[in-house]
Amino acid sequence: MKTRNIFIWIILILGLTACSEEEVNTYNAEEGIYFNQRIRVGNILTDSTNFTFVYIEESQNEATVSIPVQLVGRATDEPRPVNIKVVGGSAKEGDDFVLPVNPVLPAGASSFNYEITLKRSTTLQEEAKTIEIAIEENEYFRPIITHEITDIQSGTDVTAMRHKIEFSELFTEAPAAWYTYIYPFTPQRFFLTCRVMDIPRSDFNDASKITSARFQYLISEMRKYVAEQLLLENPDPEIFDENGNLIFQLQ
């Protein structure tokens, strides 16, 4: 009887030990990261970012573009290196842009911004340049979320492992606070108005700063400016377009 009890206790101890070892090894989850840049309307993942220097003051020769990077898995108490490389594009690293040095997912964080410094040049006034970056596997992170469906009906998806940045000093459309129904937009009108009226370029992307009423006032003042310049022996050359026509018509 005593021997039997000892045998039972040995079995129980071995069973508990096995359970303990199994519990220790149950967490062996794989972790990954992906680009998480999203369109504000609809919160839809996008694999590209467009940037223009036209709203950046001329005195600034650089600008920063931030691409959110999201963790899949658990945050840890230690920072972990990420492997993001340039895989294509027309821009040259060092001349046109600078990448972060030794980027890491910070300790305790589930996301971070991968910040690329873009360099301004006169070439950007004529053509856009591109940078294509990709997340590559390392000892800390592997590909887990590689794509995301953006349209359920069509099955359209976008990659979450690659991202394209296109940058220039060109207009893709009129700024939000240039009210085209009041006065047609041209880049030359925009630049001249900002210079003469001493308005930061970025203000024209904020309708709370440039209301429709204020915009009407600005156009009226620019017409006055053009009229005054025409009375001078050497008027401001920027009041004329490439064909010699006034860019703001007199009232």
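Two residues are taken to be in contact when heavy atoms of the two lie within 4.5 Å. On this basis, the predicted model can be described from the chain as a whole down to single residues. The protein chain contains three helices and 14 strands. Among contacts in the protein chain with a separation of 6 or more, 71% are made by residues 24 or more positions apart. Of its 251 residues, 33% count as buried. The accessible surface of the protein chain amounts to about 15700 Å², and carbon and sulfur atoms contribute 49% of that surface.

An open sheet is formed by four strands in the order 4-14-11-7, with mixed pairing. Its edges are strand 4 and strand 7, each of which pairs on one side only. From one strand to the next, the twist averages 25°. Within this sheet, strand 11 comprises residues 129-136. Strand 7 (residues 83-88) runs antiparallel to strand 11 and is joined to it by five bridges. Strand 14 (residues 162-168) also pairs with strand 11 in the antiparallel sense, here over six bridges. Ile133 illustrates both pairings: it is the bridge partner of Val86, and in strand 14 it stands opposite His163. Six of the eight residues of strand 11 are buried, and the strand is therefore largely enclosed by the rest of the structure.

Aromatic side chains were examined next. A pair of aromatic rings is described by the distance of the centres and the angle of the planes. With ring centres required to lie within 6.5 Å, the count comes to 15 aromatic pairs. One of them is formed by Tyr55 and Phe190, whose rings are 5.9 Å apart centre to centre, with 85° between the planes, an edge-to-face arrangement. Tyr55 lies in the loop between strand 4 (48-52) and strand 5 (62-72), whereas Phe190 belongs to helix 2 (residues 187-196), so the pair ties together parts that are 135 residues apart in sequence. Tyr55 and Phe190 are both buried.

A further pair, Trp178 and Phe204, is tilted, with 5.7 Å centre to centre and 35° between the planes. This pair, too, links distant parts of the chain: Trp178 is in the loop between strand 14 and helix 2, and Phe204 is in the loop between helix 2 and helix 3 (212-230), 26 residues apart. Both Trp178 and Phe204 are buried. The residues of the two pairs belong to one aromatic cluster, formed by Tyr55, Phe171, Trp178, Tyr179, Tyr181, Phe185, Phe190, Phe191, Phe204 and Phe215.

Notes
Residues numbered from 1 in each chain as written. Predicted model: local features only at pLDDT ≥ 70, side-chain atom pairs only at ≥ 80, totals over all residues. Heavy atoms only, no water. Helix = DSSP H or I, 4+ residues; strand = E, 2+ residues; numbered from the N terminus. Buried < 20%, exposed > 50% of the residue type's maximum accessible area, 1.4 Å probe, protein only. Areas by Shrake-Rupley, 256 points an atom, 1.4 Å probe, with all protein chains shown as cover. Pairing = 2+ DSSP bridges. Phe/Tyr/Trp six-rings, centres within 6.5 Å; stacked < 30°, edge-to-face > 60°. Axes fitted to C-alpha atoms, helices over the stretch in contact; angles between N-to-C directions.
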